[in-house]
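Hello,

Here is the structure I promised to pass on to you.

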Amino acid sequence: MSIVFTTITSDKEVNQVLDLQQQNLNKNISEDVATSQGFVTVQHNFDLLSRMNAAEPQIIAKDGDKVVGYALVMPTSFRYEIPVLMAMFDMLDELNYQGKPVKEYNYYAMGQICVAEGYRGQGIFDGMYALHKERLSGKYDLCITEVAKRNTRSLAAHARVGFEIIHEYFDTTHPELWEVVLLDLR
């Protein structure tokens with residue numbers, strides 16, 4: 001296995017990310033798999049992911065020609081593109097970090113991160129975030145996302161790479177308890 005961390009450069013890679021997303025959507029896996037392996041909740045389409053990639057190159061991990069992981073960059077300009085995430089962005093507007101409103105920082109949302117089955121536990125998650133830091137730390141102050149509280153594997157992985165929990169809330173539009181986690185890129 002020779003994993004390469006890079007960005008999306010082709011329609012084929014966009015489609016592979018969407019396929020990997022489908023395989024790991026909470027609605028498409030068993031509760032046992034969701035608990036032990038983690039899950040993703042938001043579903044993108046080709047047009048949206050292509051536009052996100054044009055706005056900010058999307059981070060992927062590849063084994064040969066196969067996309068085996070992705071860590072999506074969602075600039076705040078996309079806050080109205082995915083209805084289920086609008087509540088998250090609205091909530092972020094009300095939060096403070098280090099005595100300053102989050103909305104006053106130049107931040108992006110982690111649009112979603114996923115590692116393919118068979119590739120987990122091999123440093124791919126950490127490698128994708130390392131490339132995020134390398135490529136985006138001079139451009140953004142913060143990377144923020146929310147992780148379902150019951151997605152303990154993802155919360156542990158985010159903590160391992162330096163994210164801190166700054167808020168917890170219950171989203172009534174998408175009934176779930178969420179942890180808002182933040183990585184300071186400065």
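Let me begin with α1 and α3, where α1 passes α3 in a right-handed crossing (right-handed if the near helix is turned clockwise from the far one by less than a right angle, left-handed if anticlockwise). Asp11, Val14, Asn15, Val17 and Leu18 of α1 meet Phe46, Leu49 and Ser50 of α3, contact meaning heavy atoms within 4.5 Å. By class, this contact has five nonpolar, two polar and one charged residues (Ala, Val, Leu, Ile, Met, Phe, Trp, Tyr, Cys and Pro count as nonpolar, Asp, Glu, Lys and Arg as charged, and the others, Gly among them, as polar).

Some background: this is a predicted model, in which local features need pLDDT of at least 70 and side-chain atom pairs pLDDT 80 or more, while totals for chains, interfaces and linings use all residues. Residues are numbered from 1 along each chain as its sequence is written, and side-chain values use heavy atoms, without hydrogens and water.

The second pair is α5 (residues 124-136) and α6 (residues 152-160), packed at an angle of about 50° with axes 10 Å apart. Helices here are DSSP runs (H or I, at least four residues; strands are E, at least two), numbered from the N terminus, and axes are lines fitted to C-alpha atoms over the stretch in contact, with angles from 0 to 180 degrees between N-to-C directions. The crossing of α5 and α6 is also right-handed. Phe125, Asp126 and Tyr129 of α5 touch Ala157, His158 and Arg160 of α6.

What lies nearest the centre of the largest pocket? Phe39, Ile113, Asn151, Ser154 and His158 do, out of 35 lining residues. β6 gives the most to this lining, with six residues, and α4, α5, β7 and α6 are among the elements that each supply at least two. The lining of the largest pocket has 17 nonpolar, 13 polar and five charged residues.

Best wishes

How values were computed
1 Å grid on protein atoms, 1.4 Å probe; cavity = no way out; pocket = protein on both sides within 12 Å on 5 of 7 lines; lining within 4 Å.
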